There are 2 protein chains.
Amino acid sequence: MPNFMEIALQEAEHAAYRGEVPVGAVLVSSTGKILARAGNRTEEDSDPTAHAEIVVLRQATKKRGSPRLSGCDLYVTLEPCAMCAAAISFARLRRVVFAAYDPKGGAVDHGPRFFSQPTCHHAPESVGGVEEKRACAMLKKFFEDKR
Amino acid sequence: MPNFMEIALQEAEHAAYRGEVPVGAVLVSSTGKILARAGNRTEEDSDPTAHAEIVVLRQATKKRGSPRLSGCDLYVTLEPCAMCAAAISFARLRRVVFAAYDPKGGAVDHGPRFFSQPTCHHAPESVGGVEEKRACAMLKKFFEDKR
């Protein structure tokens with residue numbers, strides 16, 4: 001199987017080239033097929049909802065013709081925020097694997113810890129810290145260059 | 001000024017005709033101009049993120065050419081979920097007015113209470129319970145008819 005986090009990191013790098021906060025995501029079917037891959041597009045699309053996770057969810061659900069993607073897994077380079085965590089829950093994903101933890105905006109292991117809320121009706125398995133150093137380095141460099 | 005919640009309720013009713021959970025939303029500029037109005041489209045668009053709030057946010061930010069809508073207000077017939085509450089925060093809206101409270105899935109006055117989280121970096125003013133009875137009646141009828 002391909003290294004899906006590696007592909008998500010490539011998408012994050014492409015996002016940085018486009019002037020976006022470098023976050024990338026890959027959506028993978030239960031058989032290991034890549035359904036969608038994308039980077040953050042909030043600035044380019046003038047869309048506050050166009051986080052990498054939302055972009056791949058929308059692409060993959062459209063392809064499938066269903067708002068649900070049961071059995072699918074998401075790889076993303078940053079801990080999902082509350083918007084993305086809730087969208088992941090609505091799409092009924094099986095597993096979320098993320099790289100960098102995000103104490104300031106994350107909603108899986110920080111803040112609202114959405115998947116543990118009683119109002120979360122489907123909680124995927126979640127695994128954080130995969131390729132954490134590389135994802136953190138990319139984010140750090142991006143924000144340093146911005147200053 | 002028009003009754004914006006009335007327009008949101010009309011959008012919710014149209015959503016029900018299309019077989020969607022009846023939720024409607026209207027996005028209004030600081031001068032009272034309607035920037036976008038829409039109902040829930042999750043089933044029709046096969047998009048788990050196509051809640052009424054997200055649909056109007058995406059339409060209005062695209063029109064404005066900016067992912068931020070500072071000074072704008074959102075009227076919606078149901079308490080926003082965590083996905084929508086976070087998107088509202090990212091778009092920097094000034095105020096959210098909603099009709100029915102949603103103890104099972106709401107994230108403003110229930111569950112994660114997103115706007116009160118330390119990881120929420122912009123919290124709009126929020127007002128719930130406006131035209132609550134009509135919005136509740138519409139939702140109740142929709143789910144009863146589904147059975």
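## Stop one: a leucine in the core

Select Leu27(A): leaving out residues up to four places away in sequence, it touches Lys33(A), Ile34(A), Leu35(A), Ala36(A), Val56(A), Leu57(A), Ala60(A), Leu69(A), Asp73(A), Leu74(A) and Leu93(A), where contact means heavy atoms within 4.5 Å. A word on ground rules: this is a predicted model, so local features need pLDDT of at least 70 and side-chain atom pairs count only at pLDDT 80 or more, while totals for chains, interfaces and linings use all residues. Residues are numbered from 1 along each chain as its sequence is written, chains are lettered from A in the order in which they are written, and side-chain values use heavy atoms, with hydrogens and water left out.

Now widen the selection to the largest nonpolar core, which has 100 residues (a set of buried Ala, Val, Leu, Ile, Met, Phe, Trp, Tyr and Cys residues joined through side-chain atoms within 4.5 Å). Leu27(A) is among the residues with the most contacts inside it, along with Leu74(A), Leu93(A), Leu27(B), Leu74(B) and Leu93(B).

## Stop two: α2 in chain A

Pick residues 52–64 of chain A, helix α2 (helices are DSSP runs of H or I, at least four residues; strands are E, at least two). Its buried residues (under 20% relative accessible area, 1.4 Å probe, protein chains only) include Val56(A), Leu57(A) and Ala60(A). The buried residues of α2(A) pack against β1 (24–28), β2 (34–39), β3 (73–78) and α3 (82–90) of chain A. Step just past the helix and you find Gly65(A) with a positive phi of about 70°.

## Stop three: α4 in chain B

Jump to residues 132–146 of chain B, helix α4. Which residues of α4(B) are buried? They are Ala135(B), Met138(B), Leu139(B) and Phe142(B). These cover an arc of only 95° around the axis, which puts them on the same side of α4(B) (the arc is taken over directions from the helix axis to the C-beta atoms). Turn to the other side, and Lys133(B), Lys140(B) and Lys141(B) are exposed (over 50%). The buried residues of α4(B) pack against α1 (4–17), β3 (73–78) and β4 (95–100) of chain B.

## Stop four: where the chains meet

Show both chains: the contact takes 32 residues from chain B and 32 residues from chain A. Between them they bury about 2400 Å², 64% of it on carbon and sulfur atoms (accessible area, 1.4 Å probe, lost on being put together, summed over both parts). In chain B, highlight Ser46(B), Pro48(B) and Arg58(B), which lose the most area to chain A.

How values were computed
Expected span 1.5 Å × (residues − 1). Buried area = accessible area lost by both parts, 1.4 Å probe.
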